[in-house]
Amino acid sequence: MTPSLTGAIALLLEGVSRKDLEQRAAKLSAAYREGGTSAGIKTEADALAYLVTRCPATYAATRAAFGRVMETMPGFHPLSLLDVGAGPGTAAWAARDAWPSLGAMILIEPNAIFRNLAMRLLPEAGLVAGDLGTSKPRADLVTASYVLAELPEKTAAQTALGLWAAAAQMLVLVEPGTPAGFARIRAARAALIEAGGHVAAPCTHDNACPISGNDWCHFSERLQRSRDHMIAKGAHVPFEDERYAYVAVSRTPAAHPAAARIIKPVIESKPGITLPLCDASGLRDQFVARRDKEAFRAIRKKEWGDLF
């Protein structure tokens, strides 16, 4: 997270019992594993526990997705943001870090406790009490982060189309990196392409998703844990890996001709490196031998989620 957001959260935690945070965080983690988050936020203390335990991970995943959009659409400089299901404003912070051009920010959130927290963290943003069905103003960038997970999978496509109607330029959806999270992203992606959208990331094409069976497309972002984060989660290692699925859809085509995305961890072996790829032709593995020094040097630092 940005130093300014980290500092703002630290101020909110002054005088708060770390033991109480740990107990509340355990309950929120259990609710999150069952597919929900905001339903468990009933008091300000719950919201603070969320800030410590889940905000860093959702920020990291959302900011990583925005970073991929910046790679494929370097000319995209949104002036306005609409974040639906905004929580305490996590995605808005990540968007503002990615695109300093952002000015007007409207955050729609049904939970009053989250809205109050967002007002303190982002006093310059406009807060609206509402949900996915609320009338939405148009904005250059529309985001919904970890929101579809709380809805039935069969509603994902229609919900995405409702968000798309408010997106003047770009819609970004981020979900947990689980089979269920990916299923919602895939349904949304198909509906948005049919509606005339173009995938900016992670896909490098607008063809039907080639992933089938029990497989699912997701990515991972490693984040460093703060001391409070470690205490609240009862953790013993100073980092965690957040698995997430996402799709960014633009009203104009993205700049990734003939590119592929690395959609799984890179496989290293003594003979060389194997890159699991997805591109317009489908799924394939690209092997690069160590003895091919020039080609190997060009890809040796490529990681899961990168373009190839």
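Predicted model: local features only at pLDDT ≥ 70, side-chain atom pairs only at ≥ 80, totals over all residues.

Residues are numbered from 1 along each chain as its sequence is written, and side-chain values use heavy atoms, with hydrogens and water left out.

**Stop 1: two helices**

Select residues 44–53 (helix α3) and 55–72 (helix α4). Helices here are DSSP runs of H or I with at least four residues, strands are runs of E with at least two, and both are numbered from the N terminus. The axes of α3 and α4 come within 4 Å and cross at roughly 50°; axes are lines fitted to C-alpha atoms, for helices over the stretch in contact, with angles from 0 to 180 degrees between N-to-C directions. That makes α3 and α4 oblique to each other (under 35 degrees is roughly parallel, over 145 roughly antiparallel, 65 to 115 roughly perpendicular, and the rest oblique). Show side chains for Tyr50, Leu51, Val52 and Thr53 of α3 and for Cys55, Pro56 and Thr58 of α4, which make the contact (heavy atoms within 4.5 Å).

Now centre on threonine 58, in helix α4. Is threonine 58 buried or exposed? Threonine 58 counts as buried, at 5% relative accessibility; buried means under 20% relative accessible area, exposed over 50%, and partly exposed in between, with a 1.4 Å probe and protein chains only. Leaving aside neighbours within four places in sequence, threonine 58 is in contact with Tyr50, Thr90 and Tyr146.

**Stop 2: cysteines**

Cysteine 55 is buried, at 2% relative accessibility. How many disulfides does a search of the whole structure find? The count is 0, a disulfide being a pair of cysteine sulfur atoms within 2.5 Å. Select cysteine 209: its nearest cysteine sulfur belongs to cysteine 203, 6.5 Å away. Cysteine 209 is partly exposed, at 26%.

**Stop 3: salt bridges**

The whole structure has 10 salt bridges, each a side-chain nitrogen of Lys or Arg within 4 Å of a carboxyl oxygen of Asp or Glu. Pick arginine 96 and glutamate 124, whose side chains meet at 2.0 Å, N to O. Arginine 96 sits in helix α5 (90–98) and glutamate 124 in the loop between α6 (112–121) and β3 (126–129), 28 residues apart. Arginine 96 is partly exposed at 25%, and glutamate 124 is partly exposed at 45%.

Next, pick aspartate 215 and lysine 264, which form a salt bridge at 3.0 Å, N to O. Aspartate 215 is in the loop between β6 (198–201) and β7 (219–224) and lysine 264 in the loop between β9 (261–262) and β10 (267–268), so this pair ties together parts 49 residues apart in sequence.

For a network of salt bridges, select Arg68, Glu71, Arg261 and Asp306.

**Stop 4: a hairpin**

Finish with strands β11 (272–279) and β12 (282–289), which run antiparallel and are joined by 8 bridges; strands pair if DSSP finds at least two bridges between them. The two form a hairpin with 2 residues between them. Arginine 284 of β12 is the bridge partner of leucine 277. Arginine 284 also makes a salt bridge with aspartate 279, their closest N and O atoms 3.0 Å apart. Aspartate 279 is buried at 10%, whereas arginine 284 is partly exposed at 30%.
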